Amino acid sequence: MSMNNHGRPTGTGTSGFASTSGSALLPNEPLLFEIGDTEHSGVDLPDVTIATDRLGGFERRMPLDLAGLTEPEAMRHYVRLSRLNHSIDSGMYPLGSCTMKHNPRLNEKMARLPGFADIHPLQPVYTVQGALELMNQLSHWLMTLTNTAAVALTPKAGAHGELLGMMAIKAAQDAAGQGHRKVVLVPESAHGTNPATAAFLGYSVKAIPARDDGTVDVQAVKDALSADVAAIMLTNPNTCGLFEPQVIEIAEAIHDAGAFFYCDGANFNAIMGVVRPGDLGIDAMHINLHKTFSTPHGGGGPGAGPVVLSKALAPFAPVPFVRKDGSGLELVEHAEGDALGRITAFQGQMGMYVRALTYMLSHGGDGLAQAAQDAVLNANYIKARLAHAFSVPFGDYPTMHEALFDDSFLAGTGVTTLDFAKALIDEGFHPMTMYFPLVVHGAMLIEPTESESKQTLDRFCDVMEELAADAKAGNAARFTAAPLKAPRRRLDETRAARSPILKWERAEETLKAAE
Amino acid sequence: MRYLPHSEAERAEMLGVIGAANIDALFSAVPRRALKNFDLGLPAHSPEFLVEAHMRALAGKNRAGADGPFFVGAGAYRHHVPATVDHLIQRSEWLTAYTPYQPEISQGTLQMLFEFQTQVAKLTGMDVANASLYDGSTGTAEAVLMARRLTRRNKIVLSGGLHPHYRDVVKAYLKDDADLECLSASPEGQGDILDHIDEQTAAIVIQTPDFYGHLRNLKVAADAAHAKGALLIVVITEIVSLGLLEAPGAYGADIVVAEGQSIGNALNFGGPYLGLMATRKEFIRQMPGRLCGETVDAEGQRGFVLTLSTREQHIRREKATSNICTNSGLCALAFSIHMALLGEAGFTRLARLNHANAGKLADALAAVAGVEVLNKTFFNEMTIRTSRPAADLIERLAARGILAGVPVSRLEPDDPSVANLIVLAATELTTDADIAALRAALAEELQ
């Protein structure tokens, strides 16, 4: 099909979007709306006429103006676009805090079985007993791995799980006449979702400073505790990649003060099958199935964030949940007593439950423990190999699943953490997590996961050493210009935010909007 | 263990480089009493074929939609997804990519999101759409909070035609909030929300087609809300309806939230689904969720980035518009590919086909003694009142191999007035034979 000649690229100053189709393996792909038009379609559907409609006069008058593509055009558009993405399958993602591990394809195949994919959330419960059994089995694994009393499967993502966990804490305290507790303690190193969640529920956030070694001091927690404190939100292993050595003492202090311990379980991959969070005194913890249990990140979701709950919080779990009912299983869909009600329509991320259970059964209890230990081994290996060339802020103990460096090794080179990370792109690696956690200056947080072979780790470390040497040798230009070999050079984010262009518009619309 | 690359020799060599005697030495910060102090009692690792057999056995205990006549809707709809969609979303570069925070090597995902936002804005008739939320229900709760920020008012009124799960989610998000008014169920499509708008109202929330299938008058609602300085939030659970129905933006909606599952995504027993959100240009900075925007790179080439992230938790922490940290990326991709395959021509044909089948269904049901169709208007879904309690009737029909819809009492157990109501949907997958089978079975059961 010829180019749609009604439209033109949005904005001004853009150039060359279609002047070339790009090089052989680096396609330059126009927008869907610049390729397709409103007549073309890639589906064959009968064109029915409706004698009497029942639309009550609400039929559409505003033009839809949705571009369509035939099947071969669509295939090429999305395949060409896909080639502009880095992915785990094509290269390492050393992203700290994100746990970019291998996504087994058996998981995908199982999630597409019609008995899982083609069942409706509201069809009669006796026609979905296998689905409820699957939810029960997944719950059993999660509770066993964490030594907890209950699990709420439905949260749609980690942050949604945090929200649920903190809602359960609020509900429990309200039920116990403790509704006056309005403060949540959050260490400075926490993920941004933690203070955002606490604030969302009307809590005020009190920051707990990190010790010089990157961990939380039990004394600092005790000093911050009062009768107004509802909970602590603590990540363990923490965002510096360290296991909190005083976590049990912190839990005891929290409980002594009548507060709850919310654990951010984003880093559970480091300890699954090796340490059970329930033994550390947690009351609630979300588990990111898309990190720890290998469900795909999908370019930004969908995730899944089941929350395990202690005995004290179990009665406050949201609906729906599965319960044994004589010989079968029932789905409890309506809140009883002080329970929370519902935080999402239907049963949550069933497609992710299938993938996660498939992964658990593949690994087994022994394999999950081995995976955690390999993840920790890999991070320590990177730290050991790179410590001589990089600056290690917390060198005293072994790290867990992440190796954390700061930017002091770059002092005087004219190269920033961002520049350094962008140079990794030209070497075939995704950048590491940068400038997080906030407690470390110019942080570089590297999480290799258990999926990377020693060969890949060695190649990564070789590249990192070479880059560090080159930065110190004064070759700043290589870094400040990077990336040079990616589909795009650095993008102007300030421009994007200053005058946002958030959708494609026809030329006449753009002109009209500018008037 | 097929997912773990290291040999024992490699592990030993790596421990040597680290200078650790054994793996436990790397866990030295863990209190001794908590380290490996248990026997999990979980099964050991298992070959692929055994895992597959286990999962197939579980799947085999469920009745799939394709196994017989199927009329279940009520917020999740069984549509056909072209094979191309599912093939493409399983490409490594889509499936196993991370959130596009590094735009230079994420242009595929970013351009797709820009195209997705454009599609959603066009469908809803709104200025801008975000890069998706978890699903329609949580999106509705987010829209309510957004309206409060925008108006600095607190009162929220939920229409009695809003999906009961959506209402329950809003209630959970606004726990103990006296400013939330939930109007009682309105299965006849009766609108009473206009009387509840006052100067304290931040927003009214109206679903159309509503939970019972009725089409609601958005123009009247928008005008009434705006007259008092309140916002109109429109909720749509069946996005295919917008192929035939006027865009909410044309009526003056301020925020549109929709469930996008119908396009590109399977039923999946309830998730993952796809929350769509669109709004007016001037409200962007209070909108939750990721946004993708156009810009240029250092050589002036057009490119895309995540933008306006100063609204988000990783920058703003406790001052963020929402705690949301993800979108529903792969579901948005499936939606966008399916919508691109449909195009305007295919999408409107799909909508007409749905409406035509629903018309046949309504006529067939109306002809059954003991069945009353409550809808004068509908798109592809309707409510019937039966002469017997609905919950039992649905079980009996299921035993005959027909999944005949959702008894309203399953979602509203405390409301005796809905005990005999069933919500049913037809889609392009509904055949004349399906409808005839339902009609015959209903006639026998209601004799």
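Predicted model: local features only at pLDDT ≥ 70, side-chain atom pairs only at ≥ 80, totals over all residues.
Colleague: Why are α11(B) and α13(B) called roughly parallel?

Modeller: Helices are DSSP runs of H or I with at least four residues, strands are runs of E with at least two, and both are numbered from the N terminus. Helix α11 (residues 329-366) of chain B and helix α13 (residues 432-445) of chain B pack at an angle of about 20°, with their axes 10 Å apart; axes are lines fitted to C-alpha atoms, for helices over the stretch in contact, and angles run from 0 to 180 degrees between N-to-C directions. Angles under 35 degrees count as roughly parallel, over 145 as roughly antiparallel, 65 to 115 as roughly perpendicular and the rest as oblique, and α11(B) and α13(B) are therefore roughly parallel to each other. The contact is made by Lys360(B), Leu361(B) and Ala364(B) of α11(B) with Asp432(B), Ile435(B) and Arg439(B) of α13(B).

Colleague: What makes 3 of the residues in that contact of α11(B) with α13(B) nonpolar?

Modeller: Ala, Val, Leu, Ile, Met, Phe, Trp, Tyr, Cys and Pro count as nonpolar, Asp, Glu, Lys and Arg as charged, and the others, Gly among them, as polar. On that basis the contact of α11(B) with α13(B) divides into 3 nonpolar, no polar and 3 charged residues.

Colleague: Why are α5(A) and α10(A) described as oblique?

Modeller: Helix α5 (residues 129-146) and helix α10 (residues 350-386), both of chain A, pack at about 55° with their axes 10 Å apart, and α5(A) and α10(A) are therefore oblique to each other. The residues that meet include Leu134(A) and Trp141(A) in α5(A), and Tyr353(A) and Leu357(A) in α10(A). By class, this contact of α5(A) with α10(A) has 11 nonpolar, 1 polar and no charged residues.

Colleague: What makes β3 and β5 of chain A edge strands?

Modeller: Two strands pair if DSSP finds at least two bridges between them. In chain A, 7 strands form an open sheet with mixed pairing, in the order β3-β9-β8-β7-β6-β4-β5, and β3 (150-152) and β5 (204-208) of chain A each pair on one side only. β3(A) and strand β9 (residues 307-309) of chain A pair in the antiparallel sense over 3 bridges, and Val151(A) has Val308(A) as its bridge partner in β9(A). Helix α7 (residues 193-200) of chain A packs on the sheet, touching β4 (183-187), β5, β6 and β7 of chain A, and its direction makes about 175° with that of β4(A).

Colleague: How do you know that β10(B) and β11(B) are paired?

Modeller: 3 bridges join β10(B) to strand β11 (residues 381-386) of chain B, and the two run antiparallel, with Val373(B) standing opposite Ile384(B) in β11(B). They belong to an open sheet of 4 strands in chain B, in the order β10-β11-β13-β12, whose edge strands are β10 (371-373) and β12 (406-407) of chain B. Helix α11(B) lies across β10, β11 and β13 (421-425) of chain B, running at about 140° to β10(B).

Colleague: How many residues does each chain give to the contact?

Modeller: Chain B gives 169 residues and chain A gives 177. On the side of chain B that touches chain A, the largest share, 21 residues, comes from α11(B), and that side divides into 84 nonpolar, 52 polar and 33 charged residues.

Colleague: Which peptide bonds are cis, and where is Pro237(A) placed?

Modeller: Most residues other than glycine have a negative phi, and most peptide bonds are trans. A cis peptide bond joins Asn236(A) and Pro237(A), with omega about -10°, and Pro237(A) is placed in the loop between β6 and α9 (247-256) of chain A. The bond from Gly271(B) to Pro272(B) is also cis, with omega near 5°.

Key:
Residues numbered from 1 in each chain as written. Chains lettered and ligands numbered in written order. Contact = placed C-beta atoms within 7 Å.
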